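Subject: Structure handover

Hello,

Here is the structure I said I would pass on. My notes on what was found in it follow below.

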Amino acid sequence: MLKVKNLRLQRGGKPVLHGIDLCLRPGQISALVGANGAGKSSTVMAVAGVLPISDGAILVDEQPMHNQRPERLRAAGVAVVPEGHKVLGDLSVLDNLRVAAAALPAAAVAAQIERVLAIFPELHAKLGLAAKSLSGGQKQMVCIAQALVVMPRYLLIDELSLGLSPLIVKRLADVVREVAAQGVGVLLIEQFTSLALDLSTQAYVLERGRLAFSGTSTALLAQPEILHSSYLASGQAAKVQ
Ligand SMILES: Nc1ncnc2c1ncn2[C@@H]1O[C@H](COP(=O)(O)OP(=O)(O)OP(=O)(O)O)[C@@H](O)[C@H]1O
């Protein structure tokens, strides 16, 4: 399991996470939802080793992993798809995958690239193109493929659906289900709650750096007032579609 315990974090000298507890289980999809600025990306960056935490713990299979370098987290099986489907635009799609696979033993690279291309067969025809020429949805596929190429056990996806068409989102949602079915523990970080809650079994609602809810997605869906008040507290309308 990947556990986040009492996570506290500061940015620019200001506390932004005030004691967050999360748990990702193999094969399970969890959702971390909340308004703009609630602290979702900060949580992901802390788990990825990009931001140092000021207190608490991040445990991967009971091993303390907080304040380790991102490479160490990746080696422990934690992969992150950052917000904004950013690719290495001047490199080809194939080279984007090769860069992501660099930590693998050389003999395993080709097979792992084939494996992710089986998940995203639509990338086959794009392998030689500069990644910057792809559509937003195709770039997001490259980003997810980059995360998957190292065979992670935990996958954190910051904004799977933002800016993408409903058709692409449905396609990506199917991939997330497939990846989880293969035993990967997935955390979906979303402003748009309905997709995340539809896919997940566990849900966390972040409100101004604190958890306003932690429980099953079904229980959260049965209490829409929790989401509404959480988004309203942040001065935003609930993004329930
Ligand atoms: N680079 C930064 N320096 C200082 N404070 C920051 C920085 N980035 C974000 N913050 C602050 O940290 C808090 C949490 O922001 P964070 O980006 O984690 O929220 P979020 O829920 O991911 O929101 P969004 O959906 O807008 O990315 C906010 O108060 C924000 O203003």
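A residue is near a molecule or strand if its C-beta atom, placed from the backbone, lies within 6 Å of it. The residues around the ligand are, on that basis, Arg11, Gly12, Val16, Gly34, Asn36, Gly37, Ala38, Gly39, Lys40, Ser41, Ser42 and Gln191.

This is a predicted model, in which local features need pLDDT of at least 70 and side-chain atom pairs count only at pLDDT 80 or more, while totals for chains, interfaces and linings use all residues. Residues are numbered from 1 along each chain as its sequence is written.

Ligand shell. By class, there are two nonpolar, eight polar and two charged residues around the ligand. Here Ala, Val, Leu, Ile, Met, Phe, Trp, Tyr, Cys and Pro count as nonpolar, Asp, Glu, Lys and Arg as charged, and the others, Gly among them, as polar. Helix α1 gives the most to this shell, with three residues. Helices (H or I, at least four residues) and strands (E, at least two) are DSSP runs, numbered from the N terminus.

Sheet. Six strands form an open sheet in the order β6-β7-β8-β3-β9-β10, with mixed pairing; two strands pair if DSSP finds at least two bridges between them. β6 (78-81) and β10 (210-216) stand at the edges with a single partner strand each, so one side of each is left without a neighbour in the sheet. Strands β3 (residues 29-34) and β9 (residues 202-207) run parallel and are joined by five bridges. Ser30 has Gln202 in β9 as its bridge partner.

Helices on the sheet. Helix α1 (residues 40-47) lies across β3, β6, β7 (154-158), β8 (185-190) and β9, and runs at about 150° to β7. Helix α5 (residues 136-148) also packs on the sheet, where it touches β6 and β7; its direction makes about 170° with that of β6. Contact means C-beta atoms, placed from the backbone, within 7 Å. Axes are lines fitted to C-alpha atoms, for helices over the stretch in contact, and angles run from 0 to 180 degrees between N-to-C directions.

Ser165. This residue lies in the loop between β7 and α6 (166-181). Ser165 counts as exposed, because it has 12 C-beta neighbours inside 10 Å.

Regards

Conventions
Contact = placed C-beta atoms within 7 Å. Buried ≥ 20, exposed ≤ 12 C-beta atoms within 10 Å, placed from the backbone.
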